[in-house]
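Thanks for coming. I will walk through one structure, and I would ask you to keep the sequence and the 3D view open while I talk.

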Amino acid sequence: QVQLVESGGGLVQAGGSLRLSCAASGLTFSNYAMGWFRQAPGKEREFVAAISWRGDSTYNDDSVKGRFTISRDNAKNTVYLQMNSLKPEDTAVYYCAAASIFVVTIQGYKYWGQGTQVTVSS
């Protein structure tokens with residue numbers, strides 16, 4: 001059974017940092033591109049960042065460029081999202097997901113985690 005389990009969310013003040021982790025099991029982790037998405041109350045789920053199989057390619061949404069960094073450790077079956085200079089508008093439930101190819105669309109991701117809440121106060 002495939003499982004993606006996010007952790008690291010919480011409450012942080014504007015300008016602060018958090019690092020989210022997503023531990024994968026039940027799949028050959030290195031064969032999947034990984035992505036982070038987020039969903040704020042009343043809004044659609046949106047793309048945040050993605051990373052290729054080997055971690056040699058990454059892509060960030062414009063809203064987080066220069067502030068967020070996606071990375072992966074295939075030996076640990078884990079993908080990370082380092083979030084710096086957080087803003088109140090970053091408040092959302094953050095989800096990790098796995099795709100067979102390096103894509104940025106929700107439709108391209110086959111497996112999803114349960115999400116972790118990130119709340120940024122002003």
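I start with Arg38, which counts as buried because its relative accessibility is 6%, and the cut-off for buried is under 20%. Please keep in mind throughout that this is a predicted model.

What does Arg38 pair with? Glu46 is one partner: the two form a salt bridge, with 2.8 Å between the closest N and O atoms. Glu46 itself is partly exposed, at a relative accessible area of 31%. Asp90 also meets Arg38 in a salt bridge, at 2.9 Å from N to O. This second pair links distant parts of the chain, since Asp90 lies in the loop between S8 and S9 and Arg38 lies in strand S4, residues 33-39, 52 residues apart. Both Asp90 and Arg38 are buried.

Asp90 has a salt bridge with Arg67 as well, and there the closest N and O atoms are 2.7 Å apart. Again distant parts of the chain are linked: Arg67 sits in the loop between strand S6, residues 58-60, and S7, and is 23 residues away from Asp90. Asp90 and Arg67 are both buried. Through shared partners, the salt bridges join Arg38, Glu46, Arg67 and Asp90 into one network. How many salt bridges are found in the whole structure? The search gives 3.

**Strand S9 and its partners**

Arg38 belongs to strand S4, and S4 takes us to S9, because the two run antiparallel and are joined by 7 bridges. Within that pairing, Gly35 has Ala97 in S9 as its bridge partner.

Is S9 enclosed or open? S9 is largely enclosed by the rest of the structure, because 7 of its 8 residues are buried.

With strand S11, residues 116-121, S9 pairs in the antiparallel sense over 3 bridges. There, Val93 has Gln117 in S11 as its bridge partner. With S10, S9 also runs antiparallel, and 3 bridges join them. Ala97 comes up again here, with Trp112 in S10 as bridge partner.

**The disulfide**

How many disulfides does a search of the whole structure find? It finds 1, and this disulfide joins Cys22 to Cys96, with 1.9 Å from S to S. The pair links distant parts of the chain: Cys22 is in strand S3, residues 18-25, Cys96 is in strand S9, residues 92-99, and 74 residues separate them. The link of Cys22 and Cys96 is right-handed, with 50 degrees about the S-S bond. Both cysteines, Cys22 and Cys96, are buried.

Two other residues of S3 are worth a look. Leu20 is found in strand S3 and counts as buried, at 0% relative accessibility. The C-alpha atoms of Leu20 and Cys96 are 9.4 Å apart, although 76 residues separate them along the chain. Ser21 is in strand S3 too, and at 16% relative accessibility Ser21 counts as buried. From Ser21 to Gly10, 11 residues apart along the chain, the C-alpha separation is 12 Å.

**The sheet that contains S3**

Strand S3 brings us to an open sheet of 4 strands, in the order S1-S3-S8-S7, with antiparallel pairing. Which strands stand at the edges? They are S1, residues 3-7, and S7, residues 68-73; each has a single partner strand, so one side of each is left without a neighbour in the sheet. From one strand to the next, the twist averages 15 degrees.

At one end of that order, S7 and strand S8, residues 78-83, pair in the antiparallel sense over 6 bridges. To find the pairing in the view, look for Ser71, which stands opposite Tyr80 in S8. In general, strands of a sheet pair through backbone hydrogen bonds, either parallel or antiparallel.

**A patch on the surface**

Last, the outside. Which residues form a nonpolar patch on the surface? They are Tyr59, Phe102 and Val104, and together they have about 260 Å² of accessible area. Val104 is located in the loop between S9 and strand S10, residues 109-112. Val104 counts as partly exposed because its relative accessible area is 36%, which falls between the cut-offs of 20% and 50%.

How values were computed. Residues numbered from 1 in each chain as written. Predicted model: local features only at pLDDT ≥ 70, side-chain atom pairs only at ≥ 80, totals over all residues. Heavy atoms only, no water. Axes fitted to C-alpha atoms, helices over the stretch in contact; angles between N-to-C directions. Disulfide = S-S within 2.5 Å. Buried < 20%, exposed > 50% of the residue type's maximum accessible area, 1.4 Å probe, protein only. Patch = residues over 30% accessible without salt bridge, like charges linked within 9 Å, V, L, I, M, F, W, Y side chains within 5 Å. Areas by Shrake-Rupley, 256 points an atom, 1.4 Å probe, with all protein chains shown as cover. Salt bridge = Lys/Arg side-chain N within 4 Å of Asp/Glu carboxyl O.
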